[in-house]
Amino acid sequence: LNPYRVLGVPEDMEFEEIKRVYRRKRKEFHPDTLLSKGLPEELLERAKEKFIEIQEAYESIERNRSQ
């Protein structure tokens, strides 16, 4: 998966802006946030997968940008 596509950002976006998008998405899909909304278990599982996907995408971009 393309990490930029996972975060929904263009590849030429400033890193600080990518970080803001990442933090917003991470909060949106955080299991604790969703659990407090009383979502069904199957949606929580999908959200956990998406949360991990978002985390890995951000870390990949961060690694590539720091080289």
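User: Which residues does tyrosine 4 touch, not counting residues up to four places away in sequence?
Analyst: The model is a predicted one, and contact here means heavy atoms within 4.5 Å. Tyrosine 4 is itself a member of the largest nonpolar core. Once residues up to four places away in sequence are set aside, the residues that tyrosine 4 touches are Val9, Pro10, Glu11, Ile18, Ile61 and Arg65.

User: Is valine 6 buried or exposed?
Analyst: Valine 6 lies in helix H1 and is listed among the residues of the largest nonpolar core. Its relative accessibility is 11%, and the cut-off for the buried class is under 20%. Valine 6 therefore counts as buried.

User: What is the C-alpha to C-alpha distance between valine 6 and lysine 50?
Analyst: Leaving aside neighbours within four places in sequence, valine 6 is in contact with Leu1, Lys25, Lys50, Glu53, Ile54 and Ala57. Lysine 50, one of these contacts, is 44 residues away from valine 6 in sequence. In space, their C-alpha atoms are separated by 9.0 Å.

User: How many charged residues does the contact of H2 with H4 have?
Analyst: The crossing of H2 and H4 is left-handed. On the H2 side, the contact is made by Phe15, Ile18, Lys19, Tyr22, Lys25, Arg26 and Phe29, while H4 contributes Ala47, Lys50, Phe51, Ile54, Gln55, Tyr58, Ile61, Glu62 and Arg65. Sorted by class, these residues comprise nine nonpolar and one polar, and the number of charged residues is six.

User: In which accessibility class does glutamate 56 count, at 48% relative accessibility?
Analyst: Glutamate 56 is found in helix H4. The exposed class begins over 50% and the buried class lies under 20%. Because its relative accessibility is 48%, glutamate 56 counts as partly exposed.

User: What separates the C-alpha atoms of glutamate 56 and glutamine 67?
Analyst: Glutamate 56 belongs to helix H4, and glutamine 67 is eleven residues from glutamate 56 along the chain. The separation of their C-alpha atoms is 17 Å.

User: How far apart in space are glutamate 45 and proline 31, C-alpha to C-alpha?
Analyst: Glutamate 45 is also a residue of helix H4, and at 37% relative accessibility it counts as partly exposed. Along the sequence, glutamate 45 and proline 31 are 14 residues apart. In space, C-alpha to C-alpha, they are 8.5 Å apart.

User: What pattern does the protein follow along the sequence?
Analyst: The secondary structure comes to four helices and zero strands. Read along the sequence, the pattern is α-α-α-α.

User: What percentage of the contacts with a separation of 6 or more is made by residues 24 or more positions apart?
Analyst: The C-alpha atoms of the protein fill a box of roughly 40 × 20 × 15 Å along the principal axes, and buried residues make up 28% of its 67 residues. Among contacts with a separation of 6 or more, the share from residues 24 or more positions apart is 58%.

Terms used
Residues numbered from 1 in each chain as written. Predicted model: local features only at pLDDT ≥ 70, side-chain atom pairs only at ≥ 80, totals over all residues. Heavy atoms only, no water. Core = buried A, V, L, I, M, F, W, Y, C linked by side-chain atoms within 4.5 Å. Buried < 20%, exposed > 50% of the residue type's maximum accessible area, 1.4 Å probe, protein only. Helix = DSSP H or I, 4+ residues; strand = E, 2+ residues; numbered from the N terminus. Left-handed = near helix turned anticlockwise from the far one by under 90°. Nonpolar A, V, L, I, M, F, W, Y, C, P; charged D, E, K, R; others polar.
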